[in-house]
Amino acid sequence: MHPLYRPEQTAGNTPPGWSYNPSAWRERWPLLVLAVIGLLAALYTALAQVGVFATMWDPFFGSASSYAVTHSEISRLLPIPDGVIGVVGYVCDLVFGALGGERRWRDHPWVVLLFALVILALGIVSLVLTILQGTVIGSWCTVCLVSAAVSTIILGMGIGESLASLQYLSRVRLETGGAEVWRALWGGAHPRAERPTGRGVGTGGVAVTD
Amino acid sequence: MWLQMGNIALGIWLMVAPAVLPSTVPGATVDRIAGPLAIWLGVLAFRGVTRPFRALNVLTGMFLAIAPWVVPNTGPLILGSVLPGWAIIVLSIPRGVVRERTGGGWWTIIRPDLIAHTPED
């Protein structure tokens, strides 16, 4: 038996060859909690940007510093304030993070991959905005930094799930010559592709020494 | 995991350093680009499944090892940036402890025949 392939540990909802299930709720609920925190931070920023609040709470850098960031030219690069885009991003994050059960890496790969794209986009935008705060704007904003930290942690904790879906789609491609990948992406059944492929695996999930 | 914690701590230091050490605007700019990047990549590479992405922080470290010297800068900020840069390089090369198995890792997307047959990295 190959030392890295232990079929008894790939039973149930866990992807083949994985020691844990990245779609399990114990993996996903912390991401949803973080997304709620990010959503609140973005909502507060957006409301300050459209004038609902005159000043922003900022215990570290002061309200004036936060104001300089949230009313900078960079925050207005798009027709709507960037805080509003953050709200939309975190809502997508919550929706695609919550959809599907503990086998969604296989049953709904499109949800997992969309979730990965959303958290990747939020993470990259957060990184760029944080760099711009320190370099171009020259002011800091505590609530913005909290949102950026939350986005980055969600990305680091959550992006791994997409690997399970990508591996599944790769196995479907290998098994069917690519004909069924599109259907599998949207949740078509491929019982064979649930198992690892290749030389070391025999029928019934029993590994064969190679 | 602990190595990535080190990268995150160094990144936070780089964001703070221009405010606590005598600095120039270009010197501060170098740190305020590299700091968030070191933190971001440290968080990305925190879990076993994404640990291979730690290699990107070697580039952050190389940028920090060179850029503070070539812009108008102060002695303390050069030291306070270049030393963390070298430390980020050193912390980003070893893989560290990875207990999880993730079906052969990210290379298997290109080579699905290797799934569960390759050492995970």
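Two residues are said to be in contact if their C-beta atoms, placed from the backbone, lie within 7 Å. Keep this in mind as you open the structure, which is a predicted model in which local features need pLDDT of at least 70 and side-chain atom pairs count only at pLDDT 80 or more, while totals for chains, interfaces and linings use all residues. Residues are numbered from 1 along each chain as its sequence is written, and chains are lettered from A and ligands numbered from 1 in the order in which they are written.

**Start at Ala38(B).** Select Ala38(B) and then its contacts, which, leaving aside neighbours within four places in sequence, are Asn7(B), Leu10(B), Gly11(B), Leu14(B), Asn57(B), Thr60(B) and Ile88(B). Ala38(B), along with Ile119(A) and Ile154(A), has the most contacts inside the largest nonpolar core, a set of 69 residues. A nonpolar core is made of buried Ala, Val, Leu, Ile, Met, Phe, Trp, Tyr and Cys residues joined through C-beta atoms within 7 Å; a residue counts as buried if 20 or more other C-beta atoms lie within 10 Å of its own, as exposed if 12 or fewer do, and as partly exposed in between.

**Next, helix α1 of chain B.** Select residues 2–20 of chain B, which form helix α1; helices here are DSSP runs (H or I, at least four residues), strands are runs of E of at least two, and both are numbered from the N terminus. Because the expected span is 1.5 Å times one less than the number of residues, the 19 residues of α1(B) should span 27 Å, and the end C-alpha atoms are 26 Å apart, which agrees. Look for a bend of about 30° at Leu14(B), with Pro18(B) following within four residues; the bend is the angle between axes fitted to the seven residues ending there and the seven starting there. The buried residues of α1(B), among them Leu3(B), Asn7(B) and Leu10(B), pack against α5 of chain A together with α2, α3 and α4 of chain B.

**Then the meeting of the two chains.** Here 28 residues of chain B are in contact with 33 residues of chain A. Helix α2 of chain B (residues 25–44) gives the most to the side of chain B that touches chain A, with eight residues. In α2(B), 17 of the 20 residues are buried.

**Move to chain A.** Chain A has eight helices and zero strands, and buried residues make up 45% of its 210 residues. Select helix α7, residues 161–176, where 16 residues should span 22 Å and the end C-alpha atoms are 23 Å apart, which agrees. This helix is mostly covered, with 12 of its 16 residues buried, and what covers the buried residues includes α4, α5, α6 and α8 of chain A.

Which helix holds Val36(A)? Val36(A) lies in helix α1 of chain A, residues 25–49, and counts as partly exposed because 14 other C-beta atoms are within 10 Å. Not counting residues up to four places away in sequence, Ala68(A) touches Ile137(A) and Ser139(A).
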